Amino acid sequence: MWRDAWLIFRKDLMIERRARITLTQIVPTVLLILVVFAFAFDANASLLGAGAGGLYWVALLFGGVLGAKRSFDIEAEGGNLDALRMGGLEPAAVLCGKAAALAVQLAVIGTATVAGLLILYSVTVDDWLLLVVAAVTGTAAFAVCATLYGAMTVGLRSADTLLPLLLIPVAAPVLLAGTRAFDVALGNSADQGWSWTALLAVVLVTYIAVGWAAAGPLLEDA
Amino acid sequence: MALLDRFPALAGVDLDVAAGEIVGIAGPNGAGKTTLLRACAGLVPLRAERAEVLGFDLLADRRAVRRHVGLLGHRAPLYGDLRVCDQLRHCARLLDADASEVSSAAERFGLGGRLESVAIRRLSEGQQRRVALACLTIARPRLWLLDEPHAGLDSTSRAALDELLAGAAAAGATVMLATHETGRAAVATSRQVTLVGGRVAVVAGAHDETDSSDVA
């Protein structure tokens, strides 16, 4: 199981290393969104600072949709999904490896987004530990969820539009809890930041359990 | 009967294939050649009285046979962004094969030297086909299922493929290859099966062996 997951994780990151889609296309697009938002709010520093937490998770959601789509596009082209099935890999291991690789790519996007918020929006961080733990937990939860829905829509003609349509409502708890935790970490709220982070962990465990149960049917029928 | 999205694609194929045999599958477009190969690979749900490949019951568990089967479809299952050597190494890791298999497979299909470090999407269709065949060689399957394997290959690679298949069959592996090139298939195959409308219409060539693979 873990050997299979490691194989997929390594292969996906090797493809990303060669193609550099995250670094050269998704990260610049996400940074562009931050710039466009700054223009939209007339560079109002207090308004931008107040919305920075939400903007981070929206940016991650956007990057995650693109990343999950690409993660399964490379399997759909040329019948690579059949090759994985023929390799006798555990379906749960395939999803686990792909989710871990997507999480690494999302971590790169997240780091660039935080840097963008610090530089472009001049936000300050009150609690770095909370920020990092919430970011890691939320990113992992979103990566698992995006991978599941990527597997569900792979090969469908309308996958481009169907993936965000299905994924965004299901990922809403990550967006909500992540935003609340970030608001506390950025000093925009006196809420219970760690409670929201705990909720992110619960959501992560739920997504993993669902993914584990659904992996077989998802990859067999994809 | 094989089901594709609940639609029957094979309307009852009665075929016994012996170990070490090379069988050509011919027939018009849509006859069920590709579906038959995918069914033998355990990739298609089946409804049949009996469906056995390499001793594995496909009706009971169609996943178990996959590890022992090498399937090459119309399109080469490759990752365009990987280099040739990365792709071959990935195949070796996936199949738990020895790393030394990689260099011998690359050499056999002329993928050594400069080609090793070229991204797969930069290769011609024929070269990509050669990479896919090299991956199959690394797998050393007991059953080779090839869909139009000669398509896009130059004469040298075709000869290498024929030699490879003959060698695999001599070593006891079974080969089933779907092709429209009946002239080409006649050179390599010991028996020619023609499918029409999802059924076996004609079987040409002597065959008296007992079966090791049976797809019904």
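Reader: How does B:R140 count, buried, exposed or partly exposed, given its C-beta neighbours inside 10 Å?

Author: The model is predicted, so local features need pLDDT of at least 70 and side-chain atom pairs count only at pLDDT 80 or more, while totals for chains, interfaces and linings use all residues. Residues are numbered from 1 along each chain as its sequence is written, and chains are lettered from A and ligands numbered from 1 in the order in which they are written. A residue is buried if 20 or more other C-beta atoms, placed from the backbone, lie within 10 Å of its own, exposed if 12 or fewer, and partly exposed in between. Because B:R140 has 17 C-beta neighbours inside 10 Å, it counts as partly exposed.

Reader: B:R140 is not a glycine; what is its phi?

Author: B:R140 sits in the loop between α4 and β8 (143-147) of chain B, where helices (H or I, at least four residues) and strands (E, at least two) are DSSP runs, numbered from the N terminus. Although B:R140 is not a glycine, its phi is positive, about 45°.

Reader: Between which strands is the loop that holds B:L54?

Author: B:L54 is a residue other than glycine with a positive phi, near 55°. With 17 C-beta neighbours inside 10 Å, B:L54 counts as partly exposed. The loop that holds B:L54 in chain B lies between β5 (51-53) and β6 (56-57).

Reader: How are the directions of α2(B) and α4(B) related?

Author: Helix α2 (residues 84-94) and helix α4 (residues 125-139) of chain B pack with their axes 9 Å apart, at an angle of about 30°. Axes are lines fitted to C-alpha atoms, for helices over the stretch in contact, and angles run from 0 to 180 degrees between N-to-C directions. Angles under 35 degrees count as roughly parallel, over 145 as roughly antiparallel, 65 to 115 as roughly perpendicular and the rest as oblique. The relation of α2(B) to α4(B) is therefore roughly parallel.

Reader: How many residues of the contact of α2(B) with α4(B) are nonpolar?

Author: Two residues are in contact if their C-beta atoms, placed from the backbone, lie within 7 Å. By this rule B:V84, B:Q87, B:L88, B:C91 and B:A92 in α2(B) meet B:V131, B:A134, B:C135 and B:I138 in α4(B). Ala, Val, Leu, Ile, Met, Phe, Trp, Tyr, Cys and Pro count as nonpolar, Asp, Glu, Lys and Arg as charged, and the others, Gly among them, as polar. In this contact no residue is charged, 1 is polar, and the number of nonpolar residues is 8.

Reader: Which element gives the largest share of the side of chain B that touches chain A?

Author: The contact takes 16 residues from chain A and 20 residues from chain B. On the side of chain B, β7 (69-72) and α2 each supply at least two residues. That side divides into 12 nonpolar, 2 polar and 6 charged residues. Its largest share, 4 residues, comes from α2(B).

Reader: What distance separates the end C-alpha atoms of α4(A)?

Author: Helix α4 (residues 52-76) of chain A is largely enclosed by the rest of the structure, because 19 of its 25 residues are buried. The expected span of a helix is 1.5 Å times one less than its number of residues. For α4(A) this gives 36 Å, which agrees with the separation of its end C-alpha atoms, 36 Å.

Reader: Which residues does A:G63 touch, leaving out those up to four places away in sequence?

Author: A:G63 lies in helix α4 of chain A. With 26 C-beta neighbours inside 10 Å, A:G63 counts as buried. Beyond four places in sequence, A:G63 touches A:I26, A:V30, A:L106 and A:I109.

Reader: At what angle do α7(A) and α8(A) pack?

Author: In α7(A), A:C145, A:A146, A:Y149, A:G150 and A:T153 meet residues of α8(A), among them A:L162 and A:L166. This contact divides into 9 nonpolar, 2 polar and no charged residues. The axes of helix α7 (residues 128-153) and helix α8 (residues 159-170) of chain A are 9 Å apart, and the packing angle is about 145°.

Reader: How many of the 14 residues of α9(A) are buried?

Author: Helix α9 (residues 172-185) of chain A reaches 20 Å from its first C-alpha to its last. The buried residues of α9(A) include A:V174, A:F182 and A:D183. The helix α9(A) is mostly covered, and its number of buried residues is 10.
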